[in-house]
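Reader: Could you walk me through how the pieces of this protein pack together? I have the sequence and the model open beside me.

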Amino acid sequence: MTNLFTATDSIAHIVLLYALVIAVGVYLGKIKFAGISLGVTFVLFAGIVAGHFGLTAPAATLTFAQDFGLILFVFMIGLQVGPGFFESFKKGGVELNVLAASAILLNIAVMFACYYLFFDTSDRNNLPMLVGTLYGAVTNTPGLGAANEALGSIFTDGTAPQIANGYACAYPLGVVGIIMATIAIRYITRVTLSDEEKKLELEESSNDQKPTFINVEVQNTYMEGKTIQQVRDFLNRDFVCSRIMHDGKVSTAKGLSEVHIGDVLYIVSSEIDSEAIVAFLGPEVEVDWNIGEDTPMVSQRVLVTNPKMNGKTLGALHLSRLYGVNVTRVTRQGMDIFANPSLAIQVGDKVMVVGKEDSVERVKTMMGNSVKRLEAPNIATIFVGIIVGIIFGSIPIAIPSMPVPLKLGIAGGPLIIAILIGRYGYRVKLVTYTTTSANFMLREIGLVLFLASVGIKAGATFVDTVVAGDGLLYVGCGVLITVIPILIVGTIARMKFNFNYFTIMGMLAGTYTDPPALAYANSVCSKEAPAVGYSTVYPLSMFLRILTAQLVVLFACG
């Protein structure tokens, strides 16, 4: 039993150490102070305490667990954000992402200002410690990992400063400071929460992009004898006609189905297109679609679980011609997408299929529709992506005036490859779908391994650095790094771009990759605006945090 706690090279000791640090950190992280908790990041502090009291492991083991945890963490983040990464720059996302990028640059600028104002620039360790403080202040753990890795390429003799100490100093007030600064913006810009809620309700009611379902009676004589495809081409509008009632009989609409005066069409379109469709074809009418059906027509969601379907377009499947059914919309990651013939479906999509019951059953068989199959994780895709990501991150890029070539490393390489696989993996027959729970589990395992390793490593020197050193100065600089960019960018977002305050709250939480700030925003808003703002800027922000961590270290600390 003595060896179990003292023999640092024992496998049992190492496993026990990690289990103890992670379990204690996770439990303590759930404790709330003024309604705010540090969450899983408390594992770092538990590791620091363990390291301080001599509970440690071989350096090689700690480094492996730290780096492997970081790789797993950032890769699963990349897979999660990949499908929406490029779409986040559409529909107002450009302005939000520009604001987020500006805040990230301001964080770095404030850090350098603190360095030149308050620290001895001749001490080689001060700037790296402030980099650690920066990533604690913005609550971004992957950035800390990327900075740590870049430092290793500069301090090749093993004397790299333990920047996790600066991170630990700044992190607690970083979480609180983000929320407090966001609240301050409300008073600076004189925002009333109830008014912002009303504006969101008006925006939702006037949203012309959401799907709408209409029954249209054809009265335009020009349409007599035209096919559904000809009507769609002539109107040049994006819509799906799933059913036709002709002379009291209902049939499934196909591209070659003819339209006649008096027919009633069941059409799915965006609200912005529905007005033009009604104006051109004829008025809306009330119809009981159960009347006149020889065989019951059903509308069901079919889950795509057959890997052979991955990446195939709806047009290439010829569902209307071969099966006599129509696809009206596709649901992906909780969002409804119009069933355009050029839309490539992916494993995990839910496809709304309309047609005769037996035909819908055949489509189910073709697409899989097996929840059990979907729950099985695609382990091969994850590790293939990690292989490519590590190779990609190891490619050296020589830049003048830099002491060592720039490499994206084990943080940036896997992140970029994961984003690309998440978005385009189907093109190379990679099934990238992972259930939300599986993604979250792998991501959290990677994160706690990384945090525990960093904390145990830093624990031996933490007290000397923080208590006997510049700990309070790191805390103060962390507050400035946190608050100043939020006040500037948040005010500009409101006064210049007139974004809704709740969207700004989500945008700032996403820029700082801070779930507690998003949780606070959601607690004061009943709408989805904070989550939308968060998800719009989160992918780019995470990428920039990791990339700038390495650039700052390699350019400034070399």
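Reader: At roughly what angle do the axes of helix α2 and helix α3 cross?
Author: Happy to start there, with a predicted model in which local features need pLDDT of at least 70, side-chain atom pairs count only at pLDDT 80 or more, and totals for chains, interfaces and linings use all residues. Residues are numbered from 1 along each chain as its sequence is written, and side-chain values use heavy atoms, leaving out hydrogens and water. Helices are DSSP runs of H or I, at least four residues, numbered from the N terminus, and axes are lines fitted to C-alpha atoms over the stretch in contact, with angles from 0 to 180 degrees between N-to-C directions. The axes of α2 (residues 11–29) and α3 (residues 42–52) come within 7 Å, and they cross at roughly 130 degrees.

Reader: How many nonpolar, polar and charged residues does the contact of α2 with α3 have?
Author: Contact means heavy atoms within 4.5 Å, and on the α3 side it is made by Phe42, Val43, Ala46, Gly47 and Ala50. Ala, Val, Leu, Ile, Met, Phe, Trp, Tyr, Cys and Pro count as nonpolar, Asp, Glu, Lys and Arg as charged, and the others, Gly among them, as polar. The tally is 10 nonpolar, 3 polar and no charged residues.

Reader: Which residues is Val21 in contact with, leaving aside neighbours within four places in sequence?
Author: Val21 is one of the α2 residues that make the contact with α3. Its partners beyond those neighbours are Val43, Ala46, Gly47, Ala50, Ala452 and Ile456.

Reader: Is Gly471 buried or exposed?
Author: Gly471 lies in helix α18. Its C-alpha atom is separated by 8.5 Å from that of Asn165, 306 residues apart along the chain. With a relative accessible area of 2%, Gly471 is buried.

Reader: Which residues of α19 make the contact with α8?
Author: The axes of α8 (residues 164–188) and α19 (residues 501–511) come within 11 Å and cross at roughly 155 degrees. Angles over 145 degrees count as roughly antiparallel, so that is how α8 and α19 run. From α8 come Thr182, Ile183, Ile185 and Arg186, and from α19 come Tyr501, Met505 and Leu508.

Terms used:
Helix = DSSP H or I, 4+ residues; strand = E, 2+ residues; numbered from the N terminus. Parallel < 35°, antiparallel > 145°, perpendicular 65-115°, else oblique. Buried < 20%, exposed > 50% of the residue type's maximum accessible area, 1.4 Å probe, protein only.
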